Structures are given as structure tokens and as C-alpha cells.
Amino acid sequence: MFTFRKNNSYLFLNLENLLFITRNNYSTTQHTTTELRNRRVPIQQTSNWINQQKQNFQSHGNFSCRKRNMSSSGKTTQHFNIFDYDIIGFDLDCTLLRYNLQEMIPLEYTCLSNSLQRKGYPSDKLNQPLNLDFLQKGLILDAFKGNVIKLDKNGTILKAFHGEAAISDEEIERIYGSERKWIASSEFIKNPMNTWNGPYAEQMRTLLDYFDIPISLVMSRAVASLNQTNPPSEYRVWDDILAGLFEMYKRENFHDGSSEYFEALKNNPEKYLLKTDPKVIEWLKDLKEVKGKALFLLTGSDISFANFTASYALGENWRDLFDSVVCYAKKPGFFVENDRPFFRVDLEKLEETEEIPRSERLKYHTTYSQGCWSTLKDLLKEKSGTSEPKTLYVGDNLIQDVLCPARFANMDTVAISEEMFVEGVPVKKEVKTVYNSVTSSSIWGSFYKLDDSETIWYDIIKKYSKICIPTIDYLVDLKQLEDAQFYPSPPKTN
Ligand SMILES: [Mg+2]
């Protein structure tokens, strides 16, 4: 996830959301190496909107304020039963459909690396073989210093790398102080909105899903290249990486053939996408048609890309699985802002069209674009027959799909984390492929814990999700679970 500055304001974005960007302000000009070293990063003012989100978050509390059921002994208890919920929502990418990470991660790396080389970055480092062991979900970039870091739940730096080289404990303390804390990450711990957009977003980038995890290696190698001549006092590699991401993911590029990434997927979908298991599809039908649950799909992808991937993974009639489909949803703002308009979608042209007047009610079995949770909830609760429906949301992005819907929209959430597979969790036969080389890292250690320290992501899973599962397949047979955070079993470093 990261942010994109446009017209002096900040928009919520992550890689998924990049699929709908309408245009960008980035030059494709090639830089000289001197320019690459000497460009400085401006600190921008926060927008009113961001300040509003901060206030919302503060009014809801910080990371530590999510409440759980407590037993008489004071021990946290958990109860999960999917039939308790009236409305059930799903993320699409890496939730209802999976990617072949063994193929997709190298493709992403190559696209980004090629983009930097077109901007003048030397090829010697960037063209080295892809080191998957350097990648891990949840790593954080210190963009100015060119460092990649891993944080614990208190914002303490557990590990850090610069230009693919480990930074020693002594050096971490020299750079970040004896408490090993960085002001941007400390702000993130207090309130993720402090760094999602605004001045700290210029310094700190969080790599939260399989669309963005190759960035840690791309940035490290670009930094190492710059260091070979005259290391800059402040790096500006991130801006060039962001420009490369726009080349890859801008939604217009899906149709016009200018994205190396989209073209690869369109030309060879079976190489990059996995078919969702038929049991999952039948389970969705049962929840909607037999059990009478109101089902919705909520994705940051534009309708063009969502239709491409969902048609492959879920079948041509994928939209029929849901009572409502919302594309281009701009999570997490979708869950936070209650006055965002919906837009119509032309299903023939597969594009967003005009804004829907606020006086017009949404309809069932219709695909929309953008919008907000409060309006969608008004539609879906009609099916539930209750004015206060219980809602569950299932997704893999721990900020957008877990923390924010739980914190701001009063939803329960199920977190998806394929990293459980490398932690001794049994693999169901329906899960035909696991990607341990992508989801494990001897360099960074466990996604959940390092030695005795819980990572920031493990902390979010515990505080904001009802349960955490490796893939959606595990939810199909799970009707009820008592007093457990993970299913089918906790990761070995739990
Ligand atoms: Mg996702």
C-alpha cells in the first residue's frame, strides 16, 4: 500500500487501488545519475480529508482499543460462527481468487525493474536474479534513508536492511536511536492514518500484499546502485518506483496495451491466475441462495481487471454469486467516509460511467463503482430483515480489509494470510499449490513473530480479526470456532 499525491491532495491507494487510477502526473523522462542522487523529497501538507480521518480514528481509539469478549478469568475468548452474520462481504484479489505467486512476483519485479532502468538506473544490480528470500509481506520502507525495516507491535525496529545488506544492531541504534524507533513508524503504531497519507507518507511505505512485496528488493537494489558512486543524503527512489507502478497498474492501460504487466496476464492468464476451487463457489451459492445471507464483493480493482480475473477464477457468471458487486472501491476510505458517491458501470464496455444521484437508491444484482459502506449497508440490510445486521468482511490486506472495517465500520473480519502455510499449518487438499518460496523468508524470519517479539501484523490480526485462515478454502467447512485466533491451527511461532 502507498499513497499517491495529485493536485496537492492525497488519495488512499494501494496496489489493488492503482488498477483504477485515471491518470498520473509522473514524467517518463530518463534521469541522469546525478539527478537521481540529488533530487529531494518535499514535505507536503496534509489535506483536510486526512485530518478528518485522523480525528475519526482518534475518536474510535488506537490500535490497543479494539475490545474482545473477556472470560471471568480475564482471558480473551473468541467465538466465530459464520451463520451469525446477516451480511458477508469478500475482497477479490488474494481472497476469493489466488495468484500463482511463483510466476506473478517475478513478473512484477521485472516490470518495475525495467521501468527504473528506463529512467536511467544502472542494470547491474537490478538485473541480478530475483532473490525471493528478501521479500516478505508487511515490510516497511524508510524511503528517505533507503532502508527496508521490520517492526514489532510497538514500532520497534526488529531488523533493517540497506541496499540488500543487513544493518547491524549498533548501526540501527545510531540511525534510529537507542530505542530503535523511527518517528514515522511510531506514528503508524499510534494511528495508521498518520502515515497513510500526509507528511509521513512521504517517508514511510508499507508493503502489504502480493502486488507490492517485490518493491523492497527493487528499492534496495536501486539504492545499492546509487551508493556505488556517491550516496545521496536523501533518496528519491520511491518516486520512480511509484511511476513504474502506475505504468503497470493504471486502469486505462488494461485496455490500451501499454502495461507490460497487464499484457502478460491477458496473454497468459493460466500462468498467473489460479482457478478458485469449485467448493468455494458452491459455498458462496449456498450462503446466498439457501442460507439467505446478503453477499457482496468489494474490490479495489477496476471493473475491467476484476471481470478479467474473476471470470477466469470464478467463472463467467461470477457476478451472480453476489447480491451486490462494488469495484474501484478505494478501500479503506470506503469504510470510513459515509458520503462517497457510487458510479454506474457499463458491463458491455467494462468501464465506469456517470455518478449516481444521491436520491437514487441502489439496486440488487447490480455492479457499481466507488461508493461507501453506509449506502451499501442500507441496501443489503433489506435482505437481512433487520435494521442492525451483523456484518462480516473477509480479506487479505490487514489495513484495508481487517483493521479499517473493524475499526470504522463496526464489522467483524476474517484475515487471510498464506504465510500460515510455512508455519506448520496443514494444507487442505483443495489448496493445490502453496508458495513457500514467496511466503517464507530466512532473512526476515516469521511474519508473525521474531524471537519473542510479536510483529505489528500479528498484533493487528489478534486485535481486529475474529479469525485468521491461510486461504478462503478453510472457511468453507468452518461453521463454528471457539476460543481460537487461527484456523485450522496456529502458526508454529504463535
Ligand atoms: Mg486483496
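**View 1. Nine residues of helix α15 are buried in this predicted model.** They are Ile 303, Ser 304, Phe 305, Ala 306, Asn 307, Thr 309, Ala 310, Ala 313 and Leu 314. The helix covers residues 303–314. Nine of its twelve residues are buried, so α15 counts as mostly covered. What do these buried residues pack against? Two helices are among their neighbours: α11 (252–256) and α14 (278–290). Four strands also take part: β13 (324–327), β14 (342–346), β15 (351–355) and β16 (366–370). Just after the helix comes Gly 315, with a positive phi of about 105°.

**View 2. Strand β16 pairs with β13 and with β14.** β13 and β16 run parallel, with four bridges between them. Find Val 325, whose bridge partner in β16 is Thr 367. β14 and β16 are antiparallel, with three bridges. Here Phe 343 stands opposite Ser 369 of β16. Is β16 enclosed or open? Four of its five residues are buried, so the strand is largely enclosed by the rest of the structure. Buried residues of helix α15 pack against β16, and also against β13 and β14.

**View 3. His 365 and Gln 370 both have positive phi values.** His 365 lies in the loop between β15 and β16. Its phi is near 55°, a positive value in a residue that is not glycine. Gln 370 sits in strand β16 itself. Its phi is near 65°, and Gln 370 is not a glycine either. Gln 370 is buried because 20 other C-beta atoms lie within 10 Å. The cut-offs make this clear: 20 or more means buried, and 12 or fewer means exposed.

**View 4. Five strands form an open sheet.** The order is β10-β9-β8-β7-β11, and the pairing is antiparallel. Which strands stand at the edges? They are β10 (165–166) and β11 (204–206). Each has a single partner strand, so one side of each is left without a neighbour in the sheet. Further in, look at β8 (residues 147–151) and β9 (residues 157–162), which pair over five antiparallel bridges. Ile 149 has Ala 160 of β9 as its bridge partner. A helix packs on this sheet: α9, residues 215–227. α9 touches β7 (140–142), β8 and β9. The direction of α9 makes about 140° with that of β8.

**View 5. Ala 201 is a buried loop residue.** The loop runs between α8 (193–196) and β11. Why does Ala 201 count as buried? It has 26 C-beta neighbours inside 10 Å, so it is placed in the buried class. Now find Asp 142. Ala 201 and Asp 142 are 59 residues apart along the chain. Their C-alpha atoms are separated by 9.9 Å.

**View 6. Helices α18 and α20 cross.** α18 spans residues 398–408, and α20 spans residues 456–464. Their axes come within 10 Å and cross at roughly 35°. The crossing is left-handed. Which residues meet here? From α18 come Leu 398, Val 402, Leu 403, Ala 406 and Arg 407. From α20 come Trp 457, Ile 460, Ile 461 and Tyr 464. By class, this contact has eight nonpolar residues, one charged residue and no polar ones.

View 7. Pro 332 is in the loop between β13 and α16 (333–336). Pro 488 lies in the segment after β22 (480–482).

**View 8. The whole protein puts the close-ups in context.** The protein has 21 helices and 22 strands. Of its 494 residues, 52% count as buried. Consider the contacts between residues at least 6 apart in sequence: 74% of them join residues at least 24 apart.

How values were computed: Residues are numbered from 1 along each chain as its sequence is written. This is a predicted model: local features need pLDDT of at least 70, side-chain atom pairs count only at pLDDT 80 or more; totals for chains, interfaces and linings use all residues. Axes are lines fitted to C-alpha atoms, for helices over the stretch in contact, and angles run from 0 to 180 degrees between N-to-C directions. A crossing is left-handed if the near helix is turned anticlockwise from the far one by less than a right angle, and right-handed if clockwise. Two residues are in contact if their C-beta atoms, placed from the backbone, lie within 7 Å. Ala, Val, Leu, Ile, Met, Phe, Trp, Tyr, Cys and Pro count as nonpolar, Asp, Glu, Lys and Arg as charged, and the others, Gly among them, as polar. Two strands pair if DSSP finds at least two bridges between them.
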